[in-house]
Amino acid sequence: MSAITTHILDTARGKPASGVPVVLEYEQGGEWIEIGRGQTDEDGRLKDLLAADFNLAAGTYRLIFDTSSYFSAHNTESFYPKVTVTFVVREAAQHYHVPLLLSPYGYSTYRGS
């Protein structure tokens with residue numbers, strides 16, 4: 001499992017959001033650098049955003065969720081085509097789990113465990 005993981009729950013459907021493309025980026029010198037990408041599994045989870053040998057460093061990261069493609073696949077109109085969650089890693093030795101609770105017209109997130 002990578003040092004940064006996520007999962008998405010579709011609160012409108014009451015189910016995990018599977019097949020959502022996700023990109024992970026790291027801010028370095030004012031630029032965003034892609035360090036991982038993947039797609040949520042049938043349980044709405046993405047456990048392998050980072051390579052097993054990736055050394056997590058303190059700094060600012062962001063997850064970009066392609067919610068437009070997810071809702072289009074379910075023939076559902078939505079308001080947010082992408083959801084970007086920016087967060088700070090202070091202790092590189094810790095695991096960072098960033099869940100997303102999603103509906104067509106709203107979302108929330110929190111630091112999970």
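**Charge, fold and strand pairing in a predicted model**

The chain carries 9 positive and 13 negative side chains, and the centres of these two sets lie 5 Å apart. The structure described here is a predicted model, and the values given below are computed from it. The accessible surface of the chain amounts to about 6,300 Å², and 47% of this area belongs to carbon and sulfur atoms.

The secondary structure consists of 1 helix and 10 strands, and, read from the N terminus, the elements follow the order β-β-β-β-β-β-α-β-β-β-β. The chain is as compact as a globular protein of its length, because its radius of gyration of 14 Å is close to the 13 Å that the globule rule gives for 113 residues. Along the principal axes, the C-alpha trace spans about 40 × 25 × 20 Å. Of the 113 residues, 40% count as buried, and among the contacts with a separation of 6 or more, 61% are made by residues 24 or more positions apart.

Strand 3 takes part in two of the pairings described here. With strand 4, strand 3 forms a hairpin that has 2 residues between the strands, and G29 in the turn has a positive phi of about 60 degrees. Strand 3, covering residues 21-28, and strand 4, covering residues 31-39, pair in the antiparallel sense over 8 bridges, and Q28 stands opposite E31 in strand 4. Strand 3 also pairs with strand 6, residues 59-65, again in the antiparallel sense, over 5 bridges; in this pairing, Y26 stands opposite Y61 in strand 6.

How values were computed:
Residues numbered from 1 in each chain as written. Predicted model: local features only at pLDDT ≥ 70, side-chain atom pairs only at ≥ 80, totals over all residues. Heavy atoms only, no water. Helix = DSSP H or I, 4+ residues; strand = E, 2+ residues; numbered from the N terminus. Rg over C-alpha atoms; globule rule 2.2 N^0.38 Å. Buried < 20%, exposed > 50% of the residue type's maximum accessible area, 1.4 Å probe, protein only. Contact = heavy atoms within 4.5 Å. Areas by Shrake-Rupley, 256 points an atom, 1.4 Å probe, with all protein chains shown as cover. Lys, Arg positive; Asp, Glu negative; His and termini not counted. Charge placed at Lys NZ, Arg CZ, Asp CG, Glu CD. Pairing = 2+ DSSP bridges.
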